[in-house]
Amino acid sequence: MTAGAPRTDRPGRKELGRLLMESGALSSDWAPTFAAVDRAAFLPDLMWPYDMATRVSTPVDRREDPDTWYAAVDSDVPIVTQWDDDSHRGPAPGKLATSSSSMPSVVYSLLQNLDVEDGMRVLDVGTGTGETAGALTHRLGPGKVTTVEVDAAVSARARERLCGHGLYPDVIVGDGFQGHPGAAPYDRLLATVGIRRVPPAWIRQVRPGGVILAPWGTSYGNEDAVLRLEVDGRVAVGPFTRSVEFMKLRAQRGAAVVHGDYLAAGPLEDAERSTTPLTEEEFLTGRFTDLPFVLGLRVFQCRQAVAEKRDGTRPVWFYGLTDKSWACVMFRDGERHASVWQSGPRRLWDEVTDAYLWWKGRGSPGVTRFGLTADACGQRAWLDDPANETWPVT
């Protein structure tokens with residue numbers, strides 16, 4: 001719990017606001033909200049800023065090092081505020097980040113893309129620290145914002161911070177996957193947790209012509225893209241707008257993949273052996289690039305795991321999530337053709353290769369050229385136009 005009011009005269013916060021304005025993440029209509037709703041008021045004394053380059057979270061405690069704490073708060077970085085569904089104790093990072101404060105550039109880009117107007121009612125899914133609900137309440141006023149959080153302790157802390165800031169959205173403890181029908185219909189629904197399926201409840205609870213904005217991804221990896229859907233009765237349709245990465249809604253995290261279970265089902269020596277001309281540079285394009293997201297769209301129920309490179313060798317594994325099919329491609333520096341092993345009912349590397357060639361054959365389209373159509377029966381992805389070729393993704 002954060003003790004005491006935060007410092008208000010902080011050059012770092014003013015500089016952050018300037019950078020967000022220059023980048024376009026913070027629009028002029030949201031600038032008064034940024035000035036009034038201070039991120040520092042919603043963060044605990046002990047927190048874990050996340051380094052995007054090293055992918056490491058480091059503990060910072062305001063009681064011990066207030067200058068470093070405020071420097072992190074006023075930086076455009078994500079900050080972990082809870083580990084392991086609150087079972088973690090101590091200053092060291094836990095195993096799984098389960099609540100956080102998103103990068104300010106991402107928060108205010110989402111708020112800008114939500115396109116709210118005076119008088120609108122908004123459902124905020126994933127209360128977290130309470131900052132986003134606070135920003136929406138500041139902009140729209142009392143009685144217009146409902147925020148839902150599955151973790152009762154996280155919700156209670158957010159409510160306390162919001163009240164301390166003079167902001168009073170309707171704070172609900174519940175499963176965000178189910179939305180909150182009690183205050184429906186909503187004009188806008190904003191999720192600040194990643195989803196793999198658009199919940200039918202969300203579509204039902206948003207009025208026709210309303211908007212759902214959420215980070216959406218597949219089981220292939222952690223890559224998400226912001227999905228902006230317009231609701232038309234029982235169907236929601238819209239494009240992906242940018243690449244992001246969010247912790248997943250608890251109801252959609254998915255089961256952990258246990259490597260040994262797959263090899264027990266199909267040992268390496270019994271696997272089908274082949275080679276591929278695809279190179280590591282062609283295939284492993286890195287975080288926040290288009291290819292991993294597109295492969296997730298095209299290869300159904302598959303998880304990729306990229307190992308660290310050692311002595312010029314990097315294995316990349318693929319696991320089927322509906323059976324014990326697996327594949328491994330071994331990239332080696334200096335080799336023209338990588339070795340491939342495949343086992344189980346599916347030939348996962350063949351499926352991934354087909355998806356890669358499909359993508360290349362269409363000119364390597366970026367994330368923003370894709371979109372999604374969702375209804376109670378499932379989801380279908382499309383390229384450029386929902387009237388064109390579509391394919392199921394659930």
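Helix α4 is mostly covered, with 9 of its 11 residues buried. Helices here, H or I of at least four residues, and strands, E of at least two, are DSSP runs numbered from the N terminus. Buried means under 20% relative accessible area, exposed means over 50%, and partly exposed is in between, with a 1.4 Å probe and protein chains only.

Before I go on, the basis. This is a predicted model, in which local features need pLDDT of at least 70 and side-chain atom pairs count only at pLDDT 80 or more, while totals for chains, interfaces and linings use all residues. Residues are numbered from 1 along each chain as its sequence is written, and side-chain values use heavy atoms, with hydrogens and water left out.

Back to α4, which covers residues 104–114. Its buried residues are P104, S105, V106, V107, Y108, S109, L110, L111 and L114. After the helix comes D115, with a positive phi near 60°.

Helix α5, residues 131–140, is also mostly covered: 8 of its 10 residues are buried. Those are E131, T132, A133, G134, A135, L136, T137 and L140. Just after α5, G141 has a positive phi of about 95°.

Now the packing of helices. Two packed helices are described by the angle between their axes and the distance between the axes. Axes are lines fitted to C-alpha atoms, for helices over the stretch in contact, and angles run from 0 to 180 degrees between N-to-C directions. The axes of α4 and α5 come within 11 Å and cross at roughly 40°. The two helices are therefore oblique to each other; on this scale, angles under 35 degrees count as roughly parallel, over 145 as roughly antiparallel, 65 to 115 as roughly perpendicular, and the rest as oblique. The crossing of α4 and α5 is right-handed. A crossing is right-handed if the near helix is turned clockwise from the far one by less than a right angle, and left-handed if anticlockwise.

Further along, the axes of α10 (residues 290–298) and α11 (residues 348–361) come within 9 Å, crossing at roughly 120°. That angle makes α10 and α11 oblique to each other, and α10 passes α11 in a right-handed crossing.

Next, the rings. The structure holds 18 aromatic pairs. Rings of Phe, Tyr and Trp (its six-membered ring) pair if their centres lie within 6.5 Å; planes under 30 degrees apart count as stacked, over 60 as edge-to-face and the rest as tilted. One of the pairs is W69 with Y70, edge-to-face at 4.9 Å centre to centre and 85° between the planes. Both W69 and Y70 are buried. Another pair, W317 with Y319, is stacked, with 6.4 Å between the centres and 10° between the planes. W317 is buried at a relative accessible area of 15%, and Y319 is buried at 6%. Ring pairs link W317 and Y319 with Y262 and W326 into a cluster.

Two of these aromatic residues also have a charge over the ring. The definition asks for NZ of Lys or CZ of Arg within 6 Å of the ring centre and within 35 degrees of the ring normal. The charged end of R62 sits over the ring of W69, 5.0 Å from its centre. K324 lies over the face of Y262, 5.2 Å from the ring centre.

On cysteines, a search of the whole structure finds 0 disulfides, a disulfide being a pair of cysteine sulfur atoms within 2.5 Å. C302 is in no disulfide, and the nearest cysteine sulfur, that of C328, is 12 Å away. C302 counts as buried, at 1% relative accessibility. C163 is partly exposed, with a relative accessible area of 36%.

Last, the backbone. Most residues other than glycine have a negative phi, and most peptide bonds are trans. Where are the exceptions in the loops? D84, in the loop between β4 (79–83) and β5 (97–101), has a positive phi near 55°. D384, in the loop between β19 (378–383) and β20 (390–392), has a positive phi of about 75°. D384 is partly exposed, at 44% relative accessibility. A cis peptide bond joins A184 and P185, with omega of about 5°, and P185 is in the loop between β8 (170–173) and β9 (186–191).
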